[in-house]
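Take a first look at the structure below. Then read on for a short walk through it.

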Amino acid sequence: MRLKSFRPERIITMLVDGKNYQSIWLDKIDRGKVMVIDQKRLPFFFEIKELCSVEDIYSAIKDMTLRGAPLIGAAGAYGIYLATLEMNSLTNIPDHLANASRYITSCRPTAVNLSWAVKYVMDKLKGNFASPSLSEIALDAANEVCETEKENCRRIGNYGINLIEDISKDKKGEPVNILTHCNAGWLACIDYGTALSPVYFAHDKGIPVHVWIDETRPLNQGARLTTWELGNHGVPYTLITDNTGGFLMQKGKVDIVLVGSDRTTRKGDSANKIGTYLKALAALDNKIPFYVALPSTSIDFSLSDGIREIPVEERAPDEVTSVNGLVNGEIGAVRICPEGADAANWGFDITPARLITGLITEKGICRAEEKDIRNMFSNKFK
Ligand code: MRU
C-alpha cells in the first residue's frame, strides 16, 4: 500500500478557550500530582482532577475519568511513578511495584497500551530497585511513554492527511465527509488523537472537512467528547445516532471512515468501541474506505485471531439502562427502560482485518495483513 513521504513538523495546538492543553500532565510545582481533564464532566464542565496515588489512578481509569487507549497507558505509567512515592524504609520494593503494576493493569482489559506502558516503566526500574533515584527513573520513563504516544499520534496525522487530501482533490474541494466512532481524539491520546489526528491536520491545512460523529452509546463518547473537541478546534461536524452511519453511506454522504483501536492483532483484527464492526460492514457494502488509525503501542504482536483472543471488557449494565446528561444544571442519570430490566454491556467489538482498508500508523499506512504489519514493525515480531 502507498507510503507517502513524511512531512516536516507542523504545529497543532489543542486549545480550550484559547489555552493549549494535553489530557494528562504532571503538576509543575507538586510532582506528586498527576493532572487530568475529567472526561466524565465534559462537555458540561471543564474540570481538572488531581491524581495523587496508585488508588487514584486505578479509580480514574476504571470509572473513565480518563479513557482512550494511549491515555490509559500514560496514566498507568504515571501510576507506577506514584507507586515509587508510596514507599518507606520497610517496603519490599520489588513486591510493592509488582503489586502496583498488576493492580493498575487490571483496571481495563481491552486496550493493550495499558500493559505496554506499565511494562515499559517497570522494565526501566528493574535493576534499579536500590537506587536513591528510583522515582526519578520512573518519572522519566512515564514521561517517555507520554512523549512516545504524542509523537506517534502526530505522525499518524501526518500520514493520514494524505488520504483526506486525495479525496478532497477528487471532490474538487468539496468538503470531505469523514465518519468516526467514539472519541479517538486528543482527549483519548494526550495530544492530536489517532483517528482525529488526520482530521486536525487536514482542517489546519485548509482542506474542507466535515465529520459525522456517532453518539457512541452507552457512554456517549462521541456526543460528549468528540463534539466538544472538534467544536473547540473549529472543525465542522454533525452528531448522529449510532444507527445512522449505514444510511448516510448508502446516500453517498460518507467519503471515508476513520476509527481508532484499543488492540489490534498482528494479523490486523482490531478491537474498538462497540459498534465499530457494524460501521465496517456498512462501509464494505458501500465501497467506502474504512481505516483504523493506531500507534504501534496498540498492536498486540502476540495475538493473531482477534475475535477469539482479544479480551473484551464487560461493564456495568446501568450504563445501558440509563443515560447521563445535564439535569437541572448538574450531571445526572436518567433511566430509559423499565426498572429491573436486564441489560448487557460489552465495551468493544472486533473488526476483522478483511473489513479494514488500511491501518494508519506512526510509520505509515499499511494493509491490515500480517505481511504488511511485519514489514512495518519487523523489530516487534519475535
Ligand atoms: O471505552 P473508551 O472510551 O476508553 O474507548 C475508547 C475507544 O474505543 C477509542 O476509539 C480507542 O481507545 C482508540 S483511539 C484513542
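This is a predicted model: local features need pLDDT of at least 70, side-chain atom pairs count only at pLDDT 80 or more; totals for chains, interfaces and linings use all residues.

Residues are numbered from 1 along each chain as its sequence is written, and side-chain values use heavy atoms, with hydrogens and water left out.

Start with the domains. The chain is divided into domain 1 (15–148) and domain 2 (172–380); such bounds come from an automatic or database domain assignment. The C-alpha centres of domain 1 and domain 2 lie 24 Å apart.

Now look at where they touch. Contact means heavy atoms within 4.5 Å. By that rule, 32 residues of domain 1 are in contact with 35 residues of domain 2. The area buried between the two domains is about 2,900 Å². Buried area is the accessible area (1.4 Å probe) that two parts lose on being put together, summed over both. Carbon and sulfur atoms give 59% of the area buried here. In domain 1, Arg67, Thr110 and Val112 lose the most area to domain 2. Together they make up 21% of what that side buries.

The rule finds 2 salt bridges across this interface. A salt bridge is a side-chain nitrogen of Lys or Arg within 4 Å of a carboxyl oxygen of Asp or Glu. The side chains of Arg108 and Glu313 meet in a salt bridge, at 2.7 Å from N to O.

Next come the helices, which are DSSP runs (H or I, at least four residues), as strands are (E, at least two), numbered from the N terminus. Which residues of helix H1 (residues 54–62) are buried? They are Val54, Ile57, Tyr58, Ala60 and Ile61. Buried means under 20% relative accessible area, exposed over 50%, and partly exposed in between (1.4 Å probe, protein chains only). The buried residues of H1 pack against strand S5 (48–51), H2, helix H3 (93–105) and H4. After H1 comes Met64, whose phi is positive, near 70°.

Finish in helix H4, where Lys124 lies. Lys124 counts as partly exposed because its relative accessibility is 37%. Leaving aside neighbours within four places in sequence, Lys124 is in contact with Ile137, Ala141 and Glu144. The C-alpha atoms of Lys124 and Ala138 are separated by 7.2 Å, and these residues are 14 residues apart along the chain.
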